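Welcome! Try each one yourself before you read the solution.

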Amino acid sequence: FNTANGGRCYKKQYVDFLKAQQGVKHDCQTSYEILDQGGRICMAKATMKFKTFTRVDYITLTNDTAGWKVSKVVTTYP
């Protein structure tokens, strides 16, 4: 749900968007860290520092028989 414009984006739409972005390069410095991992769930933080702003993604991953998969992403612009 996009609180800025009230729009919704479902998982399939978001995954399709991300797949279309493969190969795109961003002019930023990136870093990541694992915040917590327990059993089949992991929480990570990815930071992208651009010239004029910073984007931080909090990523929840789950591990099933097919391996690790992203289950949720929360994006902030601190």
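**Exercise 1.** Find the mean pLDDT of the protein chain, and say where confidence is lowest and where it is highest.

*Solution.* Start with the whole chain: this is a predicted model, and its mean pLDDT is 88. Next, look at the share of residues that reach 70 or more, which is 90%. Then go element by element: helix α1 (residues 11–20) has the lowest confidence, with a mean of 82, while strand β2 (residues 41–49) has the highest, at 96.

**Exercise 2.** Work out the order of the strands in the open sheet, and explain why one side of β1 and of β4 is left without a neighbour.

*Solution.* Trace the four strands across the sheet: the order is β1-β2-β3-β4, and the pairing is antiparallel. Now look at the edges, where β1 (29–38) and β4 (67–76) stand. Each has a single partner strand, so one side of each has no neighbour in the sheet. Finally, compare directions: on average, neighbouring strands here are turned by 20° against each other, direction ignored.

**Exercise 3.** Count the bridges between β3 and β4, and name the bridge partner of asparagine 63.

*Solution.* Strand β3 (residues 54–64) pairs with β4 in the antiparallel sense, over nine bridges. For asparagine 63, the partner is tryptophan 68, in β4.

Technical notes. Residues numbered from 1 in each chain as written. Predicted model: local features only at pLDDT ≥ 70, side-chain atom pairs only at ≥ 80, totals over all residues. Heavy atoms only, no water. Pairing = 2+ DSSP bridges. Helix = DSSP H or I, 4+ residues; strand = E, 2+ residues; numbered from the N terminus. Axes fitted to C-alpha atoms, helices over the stretch in contact; angles between N-to-C directions. pLDDT = per-residue confidence, 0-100.
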